[in-house]
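This report takes up selected features of a model with more than one part. Please view the sequence and the structure together while reading.

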Amino acid sequence: MSCAVKKIEVKDLRLSYAHREVLHGVSFDIVPNEIFAVIGPAQSGKTSLLRCLNRTIDFCANAFVSGTVRVDGEDVRELRNVYELRRKVGMVAPLPVGLPLSIYDNVAFAPRCAGISARSELDGLVEKCLRQAALWDEVKDRLDSLGTKLSGGQQQRLTIARALSHAPEVLCLDEFSIAIDPVTTMRIEDVLKELRSQMTIVLVTNLTQQARRLADRTLFLYNGDVIEIGSNDVIFSGHPANRKTYEYVNGIFG
Amino acid sequence: MSDRQAMFAETPLGRRKRRTERVAKYFFGFMAMAMVVPLLLIVGYVVVKGWPCLSWEFLTTNPRGGGIRGGIWPALVGTIYLVGLSLCVSAPIGVLAAVYLNEYAKDNWFTRIVNLAVVNLAGVPSIVHGLFGVGAFVYAMHFGKSIISASLTLAIMTLPVIIASTKEALAAVPMSFREACWNVGATRWQTIRRIVLPNSISGILTGVILQVSRAAGETAPVMLTGVTVYKAVSDNGFFLYTLNEQCMSLSMHLYYIATQASGAPPALPYAIAVVLLAVVLLVNATAITFRVVLRSRKKW
């Protein structure tokens, strides 16, 4: 099988913080334009896994990674230009972070860092991203006010808009809905369904129903081990390959 | 009495808690007030005692008769020279070093040694800095006893404190801001320039300016490295000195007049002290103004 059809290829990924191993040899592939969900209870290494994908794990001084992560066939740990990787693999953190800048500058931050400075281009980009994040209508009249003054849910959507602003090919969302109300969550889920034609989406979520609604395939991660990877038809079918998966998605444990 | 009333009824425990609360508030408040008193007493005392000697002429003319008559203009200018020059050296080095230590440095043995050095350097007595200045700048680097030597000595003395306060200001910027920037592909420098520095600049400036007032008041290090008790200079203008010669300074002048000169009017040392205090308080007021202005623009 050629690499061309795999967007992300993770092979035997092990990660330890100090001497505590939190990922014990995780392997999976993600194909282009799919929505790939990662579910699992707290402390099972979901966030750490995401951070390995765009190498923000580098900022943990005591983290030690082995195994390979390939994005478009390239080993991310051998990349010279890690900033390009992070633009390619966008990340939405679980807690909303409005940068202490205006709403406009929050969204224009990444394009500016990438060297785009033409106002007309930025204007279009900001509007597009804010629309995609379902925030435009609420903030279009006050783009100059501070991003940090928005409500929690709005800041979360601002964070999503910022992640979209550098046109990532892969969008990783880490528990994006914990600070948002159900209605907005549904709006963003609709957005994600539209976005999948343009990008690959990796969705880490505690809401198994969200994974069921959105994902094509789901990975069940438990204490740093992959318990099961499969299409949603199997995982949520009532008879997945592993009994633990069945118990987790049906709320029997975890 | 119904249950509801009973719930809010006065109990011995409730009374005791409220009394403790009241006592604590007034006790701590009293302590806070207590520290304002010495400042007011000191300022009031020197102003009253020094009043007879204070005048515009006192500020702007040269000393005569070995310093016991005339004004203090050269000392005032000398202090400004020393402090200004030392700041030009210590502020950039200190701030940049702190940015490195807080933003770039990994936690390894080298960083720990640097941090340890900073902390310990801050605790070295100023007279020891003075001796170091004599060895390093006056002799080894052949600057002689001069404004340059004295300023560099002051710079070395203020540097560790500037580094420490700048690091603190940088660390006050939440880590989540940096991570958000890194997540969208910003480099460390882009993150520092666009997010970290704009949001810590008030704290950085405050730390730097407070060191100005400390440098202005120091006598020991400059006395050994470049300040003289009396220097004949031209009668007017601000550019009294060249950097390779010695100068006068307020702190040294005060020391000399108060302990060495005979026949000075009793109000004279107090008047010099008033000027020195005014310089320090003026600089501090600038720092406070900076902080207020910049903090009103704080964005989170």
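Predicted model: local features only at pLDDT ≥ 70, side-chain atom pairs only at ≥ 80, totals over all residues.

**Helix α8 of chain B**

Residues 147-171 of chain B form helix α8, which has 25 residues. From its first C-alpha to its last the helix reaches 35 Å, close to the 36 Å expected at 1.5 Å a residue. How much of α8(B) is covered? Most of the helix is: 21 of its 25 residues are buried.

**Hairpin in chain A**

Strand β9 (residues 217-222) and strand β10 (residues 225-231) of chain A run antiparallel and are joined by six bridges. One of the paired positions is A:Leu221 with A:Val226, the latter in β10(A). The two strands form a hairpin with two residues between them. In that turn, A:Asn223 has a positive phi of about 50°.

**Contact between chains A and B**

Chain A brings 21 residues to the contact and chain B brings 17 residues. On the side of chain A that touches chain B, the elements giving two or more residues are α2 (82-88), α3 (103-113) and α6 (152-164) of chain A. Of these, α2(A) gives the most, with four residues. The table divides the residues on this side of chain A by class.

| Class, side of chain A touching chain B | Count |
|---|---|
| Nonpolar | 14 residues |
| Polar | three residues |

Note on methods
Residues numbered from 1 in each chain as written. Chains lettered and ligands numbered in written order. Expected span 1.5 Å × (residues − 1). Buried ≥ 20, exposed ≤ 12 C-beta atoms within 10 Å, placed from the backbone. Pairing = 2+ DSSP bridges. Contact = placed C-beta atoms within 7 Å. Nonpolar A, V, L, I, M, F, W, Y, C, P; charged D, E, K, R; others polar.
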